[in-house]
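This report describes how parts of a structure pack against each other. Please look at the sequence and the model first.

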Amino acid sequence: MPELLRLATAGSVDDGKSTLIGRLLYDAKGIFEDQLEAIRRTSEERGQVETDLALLTDGLRAEREQGITIDVAYRYFATPKRKFIIADTPGHAQYTRNMVTGASNAHVSLILIDARKGVIEQTRRHAFLSSMLGVPHMVLCVNKMDLIDWDQERYERIKSDFMEFAARLNVHDITFIPVSALRGDNVVQRSEHMWWYEGSPLLNHLESVYIGSDENFIDPRFPVQYVIRSQSAENPDFRGYAGTVASGVLRPGDDLLVLPSGMTSRIASILTPEGELAEAFPPMAVVITLEDDIAVSRGDVLCRPNNRPMLTHDLEATVCWMDERSALSEGKSYFLKQSTRTVRATAETLQYRLDVNGLHRDEEATALEINEIGRVSFRCTEPLMVDDYTTNRTTGSFIVIDPTTNATVGAGVVRVIATTHASPNVVRHGGRLSRAERFAALGAQGATVLFTGLSGAGKSTLAAGVEEALVRSGRSAFLLDGDNLRHGLNGDLGFSDRDRTENVRRAGEVARMFAEAGSVALIALICPFEEDRRLIRALHDEAGLPYVEIFVDTSLEECERRDPKGLYARARAGQLPGFTGIDSDYERPTDPDLVLGPDAGSLPEQVATVLEALDGLAR
Amino acid sequence: MVADPGGDGRAGGRGRYRLSDLGALEAHSIHVFREVAAEFERPTLLFSGGKDSVVMLHVARKAFWPAPIPFSVLHVDTGRNFTEVLEFRDRCVAASGVRLVVARVQDDIDAGRTVEDTSPGATRNRLQTPTLLRAIAEGKHDAVFGGARRDEEKARAKERIFSFRDEFGQWDPKNQRPELWNLYNARHRKGEHIRVFPLSNWTELDVWNYIRAERIDVPSIYLAHRRRVFQRDGMLMALTEHLAPAGDEPVFETMVRFRTVGDADCTGCVESMADTLDLVAAEVAATRLTERGATRADDRISEAGMEDRKREGYF
């Protein structure tokens with residue numbers, strides 16, 4: 001069964017994007033003879049020797065006159081494996097809005113780099129926008145390799161230049177392909193000139209990149225789009241809620257919470273004209289009936305009582321401005337359309353404007369002009385039900401509409417910071433014991449040790465050794481093992497970056513409580529991101545509790561050789577997407593308290609080293 | 001809707017939550033129909049009896065099931081239609097229970113609102129636009145569904161799914177509203193309207209595969225049949241009450257089918273033995289010519305032909 005893949009392309013005016021698309025369509029037989037004949041004639045009239053494949057995609061008359069692509073154009077082609085929709089967007093600086101438009105729905109963002117020029121501002125801007133719009137996969141085509149004599153060294157340099165920049169973005173699947181769109185090298189056919197390139201040609205990559213886990217199947221969200229009422233002979237008093245599943249999986253019998261009303265009910269049935277469904281998932285369009293007769297209308301969201309979006313009048317968002325006739329400024333009033341809800345909102349604060357590379361913040365900015373991006377706080381007259389855009393592209397996105405012109409003037413992605421979830425009304429309750437009194441009475445001091453490293457590095461083995469030694473010496477210690485946590489406390493989490501961060505946060509919070517209680521909490525967790533490790537450390541620093549970060553530094557080769565659970569083999573076979581070390585990065589700790597591993601002696605020796613470090617902290 | 005129970009079992013069993021490409025296209029089109037019904041007061045659907053409008057009507061029925069379709073359908077009748085298609089149109093409308101409004105080009109000619117080009121070879125293609133705009137104004141329609149697909153033609157490839165028209169029904173390709181995610185801006189002033197294209201992302205092959213999968217009835221002239229035809233401008237034209245051959249255009253009989261259904265005087269057919277939906281789909285999958293390039297004289301006007309007509313308010 002073929003899948004649908006949405007591809008957004010971006011590139012500068014003359015880095016050959018249209019030619020690349022033309023080549024892809026041509027070589028994949030996605031264009032027809034009469035189209036080809038038409039551009040062959042045009043090329044001839046212009047005195048070009050070879051047929052200009054770029055003419056295939058430059059649709060509008062103005063483009064043919066100016067020789068640039070000025071708007072988003074959609075192209076279609078199919079192979080036996082997939083059907084492709086290409087949103088072809090211009091790279092011309094003033095048309096950032098079109099790039100944002102094309103990328104908003106994309107699975108894959110295709111960025112072109114002119115091999116002669118390398119990474120330029122435009123490249124960085126497109127990469128930043130793709131990252132901002134949460135496009136899960138990025139493909140960098142280093143084009144015009146023929147013009148630099150297929151030079152591998154220059155290609156590698158461009159690659160590392162880009163990676164240095166991309167490290168600061170939220171993109172996790174980046175693929176580089178050296179191509180010549182003009183000659184067709186590595187587009188559909190493997191290049192004979194670049195024998196050193198071991199990856200797949202572009203089309204092959206696009207046919208096989210794994211998009212199955214790009215949707216959110218975890219958090220059930222059903223924005224009610226339309227209420228269907230029917231009074232026919234078969235359905236005398238039918239009332240169903242029509243909509244498109246935004247995320248999560250819905251089943252008959254599921255408990256439901258209706259927002260914003262807060263009423264609860266249960267799914268009676270999920271209907272389509274073909275019959276009832278046992279489950280519905282994104283992006284299915286279905287009709288839901290409820291067990292109870294409660295008031296539900298367009299704009300409401302059906303979710304689960306224990307898994308709900310944020311209900312708020314205040315919206316924090318990264319906004320891309322798209323209107324040339326007006327600018328966004330503080331105090332102005334707009335309509336926001338989010339999911340199936342449209343509300344009035346005022347732009348309260350423009351916190352900062354980002355530069356074109358998305359990395360520097362100008363906090364002095366007072367307005368957002370066309371093609372500018374900034375962080376904006378909105379105050380809405382009615383509540384919205386939102387999720388952070390990184391977890392939910394549907395409930396985390398909105399458009400800004402000018403109430404006087406009715407034009408779509410901006411696009412926003414919602415930022416919900418996890419730590420702000422706590423209601424300001426929740427106040428920490430202090431017990432009667434102070435920490436000093438508790439530790440003195442127990443005759444022990446609590447602490448937390450984090451063991452981080454690749455899967456199979458030996459974290460759990462070492463942590464278990466430390467746990468045993470501590471407990472045998474009469475101290476309270478407890479091992480929080482990553483795998484074990486996932487069976488219980490973190491059983492609702494997957495392996496997306498956000499879930500991993502949440503996994504770490506929970507482990508850190510639990511460890512802090514153990515430490516507070518006087519135990520030594522031992523966390524054995526891959527914990528691949530520096531930011532997450534910093535979070536656990538900050539939790540403990542804030543609480544004034546001792547904390548040790550141990551990097552179990554076992555090389556990837558060694559871990560893969562050991563492969564105690566057979567996970568590397570499965571990851572290599574493509575069965576475990578996002579596996580750390582294989583297709584997801586492990587960021588080496590920059591400042592661990594201890595580095596252990598195969599080079600740090602026997603297991604008992606390493607256990608002793610950890611105990612010493614703990615003693616050192618206690619004193 | 002075509003789901004894939006069982007799936008490919010990858011990624012922790014989540015592979016089973018996958019829609020086929022056709023399932024995803026249908027779901028999106030349904031989303032668009034419901035969005036329009038929720039946000040506009042008086043939508044209408046352009047229904048010619050052609051395959052795209054038939055698919056639109058079919059998807060619309062699914063979008064509002066079990067309730068009936070909450071809007072009327074509109075046909076701009078040039079007076080040059082194939083008889084088979086008009087009969088099919090009436091049958092199809094009767095079966096689905098929607099109300100059909102017919103706007104006749106002839107009425108505008110008779111009333112002197114438009115002037116017919118009577119030179120030899122002239123078609124009524126461009127005359128459809130004033131009649132369409134009149135019907136939209138008379139029906140006070142604020143949203144008009146069209147079956148256009150982006151794969152048909154270069155100007156259409158750039159058109160939005162919600163395509164804004166000013167009070168004169170005109171399209172401004174340089175000033176289109178950005179369209180992001182599945183968020184459609186339906187806001188407009190009185191007198192303005194929005195053309196909505198729910199099948200934007202479908203290709204000709206998708207349409208045929210869908211017709212086949214859903215067993216949708218289409219006009220008989222889409223399937224191969226024996227017909228008296230003649231050659232003109234490299235196209236095969238059918239001999240009908242609307243079109244006669246010139247002296248040097250010999251008439252012969254052969255097996256043909258139509259890939260698009262337009263006016264009988266400007267729609268060519270192709271030689272084909274595909275007399276079942278399966279065979280048609282197979283033929284479309286293998287074809288190397290676009291449907292409009294192959295058989296539509298009206299689209300050959302100039303390279304920018306479609307763009308010019310769309311600006312004026314054409315479909």
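The model is a predicted one. In it, α4 covers residues 96–103 of chain A and α5 covers residues 121–132 of chain A; the two pack at an angle of about 40 degrees, and their axes are 10 Å apart.

The crossing of α4(A) past α5(A) is right-handed. On α4(A), the contact is made by A:M99, A:V100 and A:A103, and on α5(A) by A:H126, A:L129 and A:S130. By class, four residues of this contact are nonpolar, two are polar and none is charged.

## An antiparallel helix pair in chain B

In chain B, helix α7 (residues 204–213) packs against helix α8 (residues 277–286) at an angle of about 165 degrees, with the axes 9 Å apart. The angle is over 145 degrees, so α7(B) is roughly antiparallel to α8(B). Their crossing is left-handed.

From α7(B), the residues B:E204, B:L205, B:W208, B:N209, B:I211 and B:R212 take part in the contact, and they meet B:L277, B:D278, B:V280, B:A281, B:V284 and B:A285 of α8(B). This contact has eight nonpolar residues, one polar residue and three charged residues.

## Where the chains touch

Chain A contributes 61 residues to its contact with chain B, and chain B contributes 52. The chain A side consists of 30 nonpolar, 18 polar and 13 charged residues.

Technical notes. Residues are numbered from 1 along each chain as its sequence is written. Chains are lettered from A and ligands numbered from 1 in the order in which they are written. This is a predicted model: local features need pLDDT of at least 70, side-chain atom pairs count only at pLDDT 80 or more; totals for chains, interfaces and linings use all residues. Two residues are in contact if their C-beta atoms, placed from the backbone, lie within 7 Å. Ala, Val, Leu, Ile, Met, Phe, Trp, Tyr, Cys and Pro count as nonpolar, Asp, Glu, Lys and Arg as charged, and the others, Gly among them, as polar. Axes are lines fitted to C-alpha atoms, for helices over the stretch in contact, and angles run from 0 to 180 degrees between N-to-C directions. Helices (H or I, at least four residues) and strands (E, at least two) are DSSP runs, numbered from the N terminus. A crossing is left-handed if the near helix is turned anticlockwise from the far one by less than a right angle, and right-handed if clockwise. Angles under 35 degrees count as roughly parallel, over 145 as roughly antiparallel, 65 to 115 as roughly perpendicular and the rest as oblique.
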